[in-house]
Amino acid sequence: MGESRRDFLKDLGAVAVGAGCALPLLDRAGWLAAQTPGAAAPATQWAMVVDLELCRRADVRDACTEACRREHNVPRIPEPDDRIDWIWTEEYQHVFPDLVHAHTPAEAREAPVLVLCNHCTKPPCVKVCPTGATWKRESDGIVMMDMHRCIGCRYCMAACPYGSRSFNWRDPRPYVERGADGRPASDYPTRTKGVVEKCTFCAERVRTGRPPACVEAVQAIPGAERALTFGDVSDPDSAVSRILRDERTMARLVTLGTGPNVYYLESPPQRGEDAGEGA
Amino acid sequence: MLQDAFRGGRRTWVLLGVWAVLIAVGTVAYARQLTVGLTVTGMSRDVSWGLYIAQFTFLVGIAASAVMVVLPYYLHNYKAFGRMVILGEFLAVSAVLMCMLFIFVDMGQPTRVLNVMLHPRPRSPMFWDSMVLFGYLLLNLVIGSVTIEAERRQTPPPRWVRPLIYLSIPWAVSIHTVTAFLYAGLEARPFWMTAILAPRFLASAFASGPSLLILLALLVRRFGRFDPGREAVQALATIVTYAMVINLFFVLVEVFTALYGAMPHHVEPFAYLFVGLERHAALMPWTWVGTTLTLGCTVLLLVPALRRREGVLALLCGGVIAALWIEKGLSLVVTGFIPSPLGRVTEYAPTAPELAITLGVYAVGGMMLTLLYTLVVNVRRRLQAV
């Protein structure tokens, strides 16, 4: 009895030692399996094309960001350290660090660009989330956020290469825009302190067939309808697919392999200069 | 057995009182953080991890270093560590406890902590980290208490604890490896995304942990009238020396690759540390103090005549702990966020409540360690008297 029990314990020990060594590898193995090519692409992948030229217009940018704030009761917190942003403006040189060089004129470097969550095909934030509070929705490729499951560890913020995630460092509710009756601008649930949030491509609107709030906002501005185009990139006939096929577009930090689904439409070359070169 | 933990002299009670006061202050600060939010800390949208996660990283190293006494004693039958092993295991228990508390106080929604187990995501290194840390805490708690209880009864420890001891050896390596993977797998953070991170973590752990153990052993000898053994202290000093040399080598490998390769996103974090970036240089003095301590202590430790003198050794161990605390408990985590992926340089400095909470967590570890070491000293002294 004693002998066999000792043998059993020895075996158990050996198995446990092996398992202990392999723990980190198991995780890697799971990850590698998930990376295998041929894994089913989502039937729908919502995507957006942002027109860089129209981003230069302050009225276009403000219409987008304000529509988003109202739609989702995004708080307006004055301290920059505690800011919450779903769609906001950054300088061209910081959005596309690989596309500026020593001789890029300041005007081009500092051009304002609208940025938001890229709803990546391989989202790093989803990979690292320990609870599944953020996940990529299989039905339409939106990177979702469950603010009731989020434990506020902020690992996703460390993992996102685009700075697209905001943490509620304080109670956001006093900073939410309210109407005369004291109620928030929209029915969208306000958040609690201690959770991470970000753009959801207006999943609640898209479900009912409406475009995201920012897209709807620019469509109301004459001459700026093309500032943001929203559609299904897996449908070759969608407006987004047509732009991606016919025009010069790019995405942020593509070398990282995250597969952003927000694209940027480059401004067309100046016709006059082209003609001069050719003549 | 537990009553032995509370049979200390006047000095022990004073020490426990100091820990209790610090814990009370930390608790008050934490209550404020709970009600107001993490805005009471110095963390921000750009630097979203700070002192808490850095202390966690540093202390995982202290915890893992127990393997440096367990391995020679149990695998190589190195008898000189006979009285040191239990001190190492109980140091690991206190360190892991602090690690878990530091993760906890960093959480935005601490009441949801069980979500990590209710909705496990094996693709997340953080899931694995919480699993291995919890396992390591249990392992060392069980091994430590079973062996000291056996010693108290003057019987050999039960045989079933042996496999657990062997398991604790790779497990110790795993806690620090997984902690390194937490950082090294992030494409967004070039400063952390380096294959040398896990080896570096282990090397610095095997320097800082045994250094702390040497200081604790000297304290226990002085105030507890129980001697873990001069030879054991010297063996630990040799381990610290080797580990410091290896750690220094790993750091230089990293610095060479980053600076000679000279890709901006690799150079910028180092520039921030050593000379400042865009006129932001909060960590520069720390970096130079840390570098000087690392180089100075390593050179002096290499001289056998110096490290054999216990007074000098104690000073050098203090220097090693300070240097590696600056490296891991301060610079490593914060600099990963500088500059931000959007090119912003946002600096970080802990606030008063953040420091109070940090000290409070350290005090919990200190109290745990005081009680466990009092227990060990009481059991051992009774055995010596027999």
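Reader: Does Thr194(B) count as buried or exposed, and how many C-beta neighbours inside 10 Å does Thr194(B) have?

Author: A residue is called buried if 20 or more other C-beta atoms, placed from the backbone, lie within 10 Å of its own, exposed if 12 or fewer, and partly exposed in between. Thr194(B) counts as buried because it has 20 C-beta neighbours inside 10 Å. This is a predicted model, in which local features need pLDDT of at least 70 and side-chain atom pairs count only at pLDDT 80 or more, while totals for chains, interfaces and linings use all residues. Residues are numbered from 1 along each chain as its sequence is written, and chains are lettered from A and ligands numbered from 1 in the order in which they are written.

Reader: Where does Thr194(B) lie, and which residues does Thr194(B) touch?

Author: Helices (H or I, at least four residues) and strands (E, at least two) are DSSP runs, numbered from the N terminus. Thr194(B) belongs to the loop between α7 and α8 of chain B. Contact requires C-beta atoms, placed from the backbone, to lie within 7 Å. Leaving aside residues up to four places away in sequence, Thr194(B) touches Ala184(B) and Glu254(B). The C-alpha atoms of Thr194(B) and Ala184(B) are 5.8 Å apart, although ten residues separate the two along the chain.

Reader: How is the packing of two helices described?

Author: Two packed helices are described by the angle between their axes and by the distance between those axes. Axes are lines fitted to C-alpha atoms, for helices over the stretch in contact, and angles run from 0 to 180 degrees between N-to-C directions. For α7(B) (161–184) and α8(B) (197–224), the angle is about 135 degrees and the axes are 8 Å apart. That makes α7(B) oblique to α8(B); angles under 35 degrees count as roughly parallel, over 145 as roughly antiparallel, 65 to 115 as roughly perpendicular and the rest as oblique.

Reader: What is the handedness of the crossing of α7(B) and α8(B), and which residues make the contact?

Author: A crossing is left-handed if the near helix is turned anticlockwise from the far one by less than a right angle, and right-handed if clockwise. The crossing of α7(B) and α8(B) is right-handed. Residues of the contact include Val173(B), His176(B) and Phe181(B) of α7(B), and Leu197(B), Phe201(B) and Ala205(B) of α8(B). By class, this contact has ten nonpolar, three polar and no charged residues (Ala, Val, Leu, Ile, Met, Phe, Trp, Tyr, Cys and Pro count as nonpolar, Asp, Glu, Lys and Arg as charged, and the others, Gly among them, as polar).

Reader: How many residues of α8(B) are buried?

Author: Of the 28 residues in α8(B), 20 are buried, and the helix is mostly covered. From first C-alpha to last, α8(B) reaches 38 Å, close to the 40 Å expected at 1.5 Å a residue (the expected span is 1.5 Å times one less than the number of residues). Just after α8(B), Arg225(B) takes a positive phi of about 50 degrees.

Reader: At what angle do α2(B) and α4(B) pack?

Author: Helices α2(B) (51–64) and α4(B) (85–106) pack at about 160 degrees, with their axes 8 Å apart. They are therefore roughly antiparallel, and α2(B) passes α4(B) in a left-handed crossing. The residues of this contact divide into 16 nonpolar, one polar and one charged.

Reader: How many residues of chain B are in contact with chain A?

Author: In chain B, 44 residues are in contact with 52 residues of chain A. On the chain B side, α7(B) gives the most, with nine residues.

How values were computed. Two residues are in contact if their C-beta atoms, placed from the backbone, lie within 7 Å.
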